Amino acid sequence: MEWKFDATSGTVVAGGNKRGNQRNQLSFPRNVIIDQQSDSLIICDWGNKRVVRWPCRCGTHGETIISNIESCGGLAIDNNGSIYISDFNKGEVRRYEIGETYGTVVAGGNGEGNQLNQLNGPTYIFVDQNHAVYVSDKDNHRIMKWDKGATEGALVAGGHGKGDDLTQLKYPYGVIVDRLDTLYVADSWNNRIMRWPKGSTRGEIIVGGNGIGEQANQLNYPISLSFDRQSNMYVVDQGNHRTQKFQIDMSRSS
């Protein structure tokens, strides 16, 4: 769905033809990113175990660009147009360069576990300008950073067990890193958004953290977040079936 600024209703831009596996259908889409170079949507079509490219403008059907993905958890694209996909069940992230169908493991891929070279239920991912991959390692309750070419990751948030202390996360999902390497995390089961400055051993709550609920200062299982050019944060508040907009003081991110 596309929702223009101040609109009261959205427009279907992909799918909308009931659940299915045809070119004009989707099945439980889990994630979507925009490929600005091709002006298209890249969609994690989870139920069909595929990733689909769908034109942003007047597209009536999509094109399968990667198939046979066991459980697509997250998507990202780098400045070269390579696509990154996290596979929740396999505990890995793969990079697919343009035209590739198999890809290269860039994070995890060493079985399910909590060692630095392992992942356990990776979901959302973020790729920075240096092609480092940040992984929301959900079932390990931590965020890991894998530099390009690394054989193991570095812990950058959480990793102290499941909990609600400022040093902990509880089933994290969405993750974003800004130009100062400050990390923002959708700490889903704690119903809050956390900010972790680079090198910090603890985060700070910037949205939510007021218990589960539907009030303006509350969240209910947030799973994704993004920023616009004015540094407004948008949070997919899944349990409340809404997207919330918050003004964030970026001057405190360093």
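Author: A salt bridge is a side-chain nitrogen of Lys or Arg within 4 Å of a carboxyl oxygen of Asp or Glu. The structure discussed here is a predicted model.

Reader: What is the count of salt bridges between domain 1 and domain 2?
Author: The domain assignment of the protein chain gives domain 1 as 26-159 and domain 2 as 170-253. Between domain 1 and domain 2, the count of salt bridges is zero.

Reader: How many residue pairs are in polar contact between domain 1 and domain 2?
Author: On the two sides, 14 residues of domain 1 are in contact with 15 residues of domain 2. Counting pairs with both residues at pLDDT 80 or more, the residue pairs in polar contact between the domains number three.

Reader: Which element gives the largest share of the side of domain 1 that touches domain 2?
Author: Two or more residues each come from strand E9 (122-127), strand E10 (133-137), strand E11 (142-146) and strand E12 (154-158). The largest share is four residues, and the element that gives it is E9.

Reader: How do the residues of that side of domain 1 divide into nonpolar, polar and charged?
Author: The area buried between domain 1 and domain 2 is about 1,200 Å², with 70% of it from carbon and sulfur atoms. The residues on the side of domain 1 that touches domain 2 divide into seven nonpolar, four polar and three charged.

Reader: Is Ser40 buried or exposed?
Author: Ser40 is found in strand E2, residues 40-45. Beyond its neighbours within four places in sequence, Ser40 is in contact with Ile33, Ile34, Asp35, Arg53, Trp54, Pro55 and Cys56. Its relative accessible area is 2%, and under 20% counts as buried, so Ser40 is buried.

Reader: Which side chain is joined to that of Ser40 by a polar contact of 2.5 Å?
Author: The contacts listed above for Ser40 leave aside neighbours within four places in sequence. The polar contact of 2.5 Å runs between side chains, and the partner of Ser40 is Ser38.

Reader: Where does Lys49 lie, and what is its phi?
Author: Lys49 lies in the loop between E2 and strand E3 (50-55). With a relative accessible area of 42%, Lys49 is partly exposed. Lys49 is not a glycine, yet its phi is positive, at about 55 degrees.

Reader: Is Asn191 buried or exposed?
Author: Asn191 lies in the loop between strand E14 (183-187) and strand E15 (192-196). Its phi is near 55 degrees, a positive value in a residue other than glycine. The relative accessible area of Asn191 is 10%, which is under 20%, so Asn191 is buried.

Definitions and conventions
Residues numbered from 1 in each chain as written. Heavy atoms only, no water. Domains from an automatic or database assignment. Contact = heavy atoms within 4.5 Å. Buried area = accessible area lost by both parts, 1.4 Å probe. Polar contact = N/O pair within 3.5 Å; in protein donor to acceptor, adjacent residues only side chain to side chain. Nonpolar A, V, L, I, M, F, W, Y, C, P; charged D, E, K, R; others polar. Buried < 20%, exposed > 50% of the residue type's maximum accessible area, 1.4 Å probe, protein only.
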